[in-house]
There are 2 protein chains.
Amino acid sequence: MERIKPRTLSGFMELLPAPQTQFERMLEILRHTYSLYGFTPLDTPVIESAEILLAKGGGETEKQIYRFTKGDSDLALRFDLTVPLAKYVALHYGELAFPFRRYQIGKVYRGERAQRGRFREFYQCDIDVIGDGKLDIANEAEIPAIIYQAFTALGLERFRIRVNNRKILTGFYAMQGLAEQSGDIMRTVDKLDKIGPDKVRALLLEQGVSDQAAGEILDFIAITGDNAAVLSALEGYRGRNETFDQGMEELATVVKYLAAFGVPEDHFAVDLTIARGLDYYTGTVYETVMLDHPEIGSICSGGRYDSLAEYYTDKKLPGVGISIGLTRLFYVLGEQGYLNDQLVTAPADVLILPMTEDLSPAIAFATQLRQGGVRAQVYSEQKKFKGKMSYADKLHIPYVAFLGEEEISQGVVKIKDMATGDQQALPPAQAVETIAAAMAARAAGKPIREKG
Amino acid sequence: MERIKPRTLSGFMELLPAPQTQFERMLEILRHTYSLYGFTPLDTPVIESAEILLAKGGGETEKQIYRFTKGDSDLALRFDLTVPLAKYVALHYGELAFPFRRYQIGKVYRGERAQRGRFREFYQCDIDVIGDGKLDIANEAEIPAIIYQAFTALGLERFRIRVNNRKILTGFYAMQGLAEQSGDIMRTVDKLDKIGPDKVRALLLEQGVSDQAAGEILDFIAITGDNAAVLSALEGYRGRNETFDQGMEELATVVKYLAAFGVPEDHFAVDLTIARGLDYYTGTVYETVMLDHPEIGSICSGGRYDSLAEYYTDKKLPGVGISIGLTRLFYVLGEQGYLNDQLVTAPADVLILPMTEDLSPAIAFATQLRQGGVRAQVYSEQKKFKGKMSYADKLHIPYVAFLGEEEISQGVVKIKDMATGDQQALPPAQAVETIAAAMAARAAGKPIREKG
C-alpha cells in the first residue's frame, strides 16, 4: 500500500499526552474559576456564515480568516469569540437575562504567517458581561479581578494587569486638537515599550503632529508611579475636556473597586500607554504582562465596549470582557520551564497487574479504586513482568498494584509506590484510601510553577 | 448603520444557557468516567491537510467533507476523531507507550443534507485502545463496559449494547460460498430491523444470492435469545470455517468478560445482525440502542480493527474503540423530555444583592462562598429591588442573599431560598455551609432522567 507521511499542519498545536494533561488541567481551572463568579458556559459553532463574521469588515481580519464555500454557502471559521457572542446575544436577545455573563473556551482560527510561538488554531478563554442598555462600572473592576483569581489559581504569580481608560486618551487628544488623528497616534504611542520615546516622537512628527503637541503627548505618557501618583498627576488636566474628566473618574472608580474585589495593589497598575488596537473599546482597557517576560506582550487583554452587537441589532448592548490566549500562553510557559512537572500527567494513578488467569479480582479492585475517585487501569496484555513494569515507568504511573494467587487468598493487594519503590500488602479498602490520599496531596499543586 | 440579520447556520447546534449547562455536565461526566479508566485526554487540530484526512478515500466521506484551500494548502475539517487518531499515533509512535489509551471529545464536521436532528457540526466522545503489534481481547470487553458505566453515570437506564463479531459473519458467508459478496450482503442484512425478513430475502435474491443461501442467511440472522442460547446455536456451525470458529471463541470470551467487567446481562446482547458499515472492523463490533427508542438507531458504536494507521505507517496497530455521538444524543434526549430539569442550570447558586453604597461586604461574602465551592454573583447594577429579584427568578438562581446596613451591623447575611421562599438571617460562614449542602444535594441527580 502506498503510504502518506503523517504530519500536522504548521501553526497547529498538537501535544503529547503529558503536556496535553497539563493543558487540560489549566482548562479545568479556568472553567471552574469562571463558574464560581456566576458565568454561564457557552458554545457556539466554529463555522459561521462569512457575512456574519465579517459584518464589521476590516483589513487584518479579512486577510487572516479561513473562508470557503460549501454548496451555495459562503462560510468562515471564527477568528475570535467576541463576534460569535455578539451574534448570539443579538439572535437570542429575548431569551437571555441581562446582565448576561458568559464564559466561552474554544478554538479560533487565524491564518497568520507561521512563526515560532504563533498559532493558526488557538484557544481563547473569554469572559464577558453584557448589559441591556447600560452596565455598571463595577463590572469593569470585577472582570480583571476574576482574571487575577484565574491566574493565581493556575499558579502564576509575577504578573500585572495594566489598566487605562480610553476616554482619558480620547479626551487628552481632543485637548491637543488631535481628535481626528487620535487612532493613529494611539497606535504609535502603543509602540513606546518597543521603540522608546525618541522614535515615538519622530513618528508623531511624521504623522503631522506639531512639535509642541508631541511634547505634550510624551509628557503625558511619561506619567508613571503608583496608582495614587498617576491618578493625582491626571488631576492636573481636569476641567479642560468633559470626556477626559469622565474617563478620569471611571479610572479612579475602577482602581478603588479593584482593591475591593481583592486584587493586591502590586498586581495592577494604571498605565496611560495602554490603548488596545481594537476600535470598539470605549472605556476601561486592560492588558496583562508577565513581569519577567515583558517581551511576550499581553497574555490577557480586554476592555469596555459600548456596542457589542451594533452590526446585528439596534439594541444598545454595552459590555466588558477579557480574553486569555491560552495556546500561546501555554507555549510560552513550556518554553520558560514554568509548567509544574510535579503534577501527575500519567493517564492512571494505579496500574493493576493481574497475576492470575481470571481477571475478576483485578477488575473488582479497579472498581473499588474508581469508586474512591482513583484512576485505575487493569493491564490485560500478555507480557513479561518486566514489560509491564516498564509500561508503568514510561507513563510515570504513580502506583502499581499486584494481584496474584497469594494476595487473593490473603485478601490483600500489594501496592508499589513507583517513586520510592516502597511496597506494601494492604486490604483493598485500605489500599484505595492510601492511594487516594497520596494522589490528593499530589493534585494540590498548581499547573504553573515559577522559578524561584 | 446597515444591519445584518443575526443567524446560526442550519445543522449547527447552538444552545441557550440552560441546556448548554446540561450539555456541559454531560461532557464533564464523560471526561471523568473516561479518566477513571486510565484514558489520557487528547486534542488534535480541527483542520488537517486534506491529503491526510482523505488518505483512505471513499465516497460518502469525500462528498460530505468540508474542504478548502488557504494559500497553497489543500485543507479539510476532520469528519471523525479516528482518522486524526491514526495520524497522531503514526506521527508520534516513538513517543507513546502501548497499549495507548486515549479519549477525545471534540467537534467533527460533515456537510450532510440538513434535516431535523442531523447535525453538520457535532461532538464525538471517543475512547480507543491501540496496541503495538497485538492487543488482548480483554480490551474488547472493557470498552463497552466503560460505555455502560458512562451511560449509567449520565442517568440512562433503558439501553442495551449489542455485540457481534465480524469474523463470525465473514466465516459464515465463506461457508455459503459468498465470501466475495459478503460486504454487500451485510449491508442488506443490516436493514433487517427496518424492512423485515421478506424484503431482505428479496434484496438478497436480487444481489444474485441463491435461494438456498438466502434461506441459510435468514435462518442464521434469526438466531436470537439470551446470550447463552445464541452462543449455543452458533456451536452448530463449528468446524466448517476457521475464521468462523475463531470469531465464535472471541465472542464467547467477550461475553464472559463483559460480565466480569460489571455489565449486567440485560444491558448487553449478542446480536448476529450487527455488522457496522465501516470496512475496517475486523473483530468485535458494537452498537447501542435505547430500548424505548429503537427508531433513533445506534447512539454509540464501534469495534475492533486490525490496522488503525495503515495509510500512514507500516507498523501494525490493532485497536478497539467506541464513539458516542453526543450532539445527536442530546438532541434526542431533549426531544423525548429525558433531560433532568431538577438539576441547577443557573449560572450562579447565589445572587448577592448589596443594599449599601459600599460593595465591600457583598464582595467579602461572595469570596467566602466561592472558597466554599459555591458559585456566587454580586449584582452590581443600579436597579429597583423588584428588577433584581426578577433577574434571579428568570435565571432560576436558587438563592438570593441580602446585605443591607442592618445585616452588616449584626454580622449576618439574609438568605432567601427562591424555591420555597424561606428566608433566614445567618452568620456568613453558616450561610455558606447551608447553601453548599443544599447545592451538593441538588447536584447529586443525573443529567438524564427517563420517564417512569
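Residues are numbered from 1 along each chain as its sequence is written, and chains are lettered from A, with ligands numbered from 1, in the order in which they are written. In this predicted model, local features need pLDDT of at least 70 and side-chain atom pairs count only at pLDDT 80 or more, while totals for chains, interfaces and linings use all residues; side-chain values use heavy atoms, with hydrogens and water left out.

**Figure 1. The interface of chain B and chain A.** Contact, defined as heavy atoms within 4.5 Å, involves 95 residues of chain B and 95 residues of chain A. The two chains bury about 8,400 Å² between them, with 59% of this on carbon and sulfur atoms. Buried area is the accessible area (1.4 Å probe) that two parts lose on being put together, summed over both. In chain B, the most area is lost to chain A by I4(B), E14(B) and D43(B), which together account for 8% of what that side buries. Because 100% of the interface residues of chain B are also interface residues in chain A, the copies meet through the same surface.

**Figure 2. The relation between the two copies.**

Figure 3. A salt bridge requires a side-chain nitrogen of Lys or Arg within 4 Å of a carboxyl oxygen of Asp or Glu. The structure holds 42 salt bridges over all chains, and 6 are found across the interface of chain B and chain A. In one of them, the side chains of E14(A) and K87(B) meet with an N to O distance of 2.7 Å. In another salt bridge, the closest N and O atoms of K107(B) and D43(A) are 3.0 Å apart. This pair crosses from strand β5 of chain B to the loop between β1 (40–41) and β2 (47–49) of chain A. Helices (H or I, at least four residues) and strands (E, at least two) are DSSP runs, numbered from the N terminus. The interface also has 44 residue pairs in polar contact, both residues at pLDDT 80 or more. A polar contact is a pair of N or O atoms within 3.5 Å; within protein, one must be able to donate a hydrogen and the other to accept it, and residues adjacent in sequence count only if both atoms are side-chain atoms.

**Figure 4. An aromatic pair in chain B.** The structure holds 39 aromatic pairs over all chains. The ring centres of Y34(B) and Y103(B) are 5.7 Å apart and their planes lie at 55°, so the pair is tilted. Y34(B) belongs to helix α1 and Y103(B) to strand β5 (residues 100–109) of chain B, so the pair ties together parts 69 residues apart in sequence. Rings of Phe, Tyr and Trp (its six-membered ring) pair if their centres lie within 6.5 Å; planes under 30 degrees apart count as stacked, over 60 as edge-to-face and the rest as tilted.

**Figure 5. Cis peptide bonds.** F98(A) and P99(A) are joined by a cis peptide bond with omega about 0°. The peptide bond from F98(B) to P99(B) is also cis, with omega near 0°.
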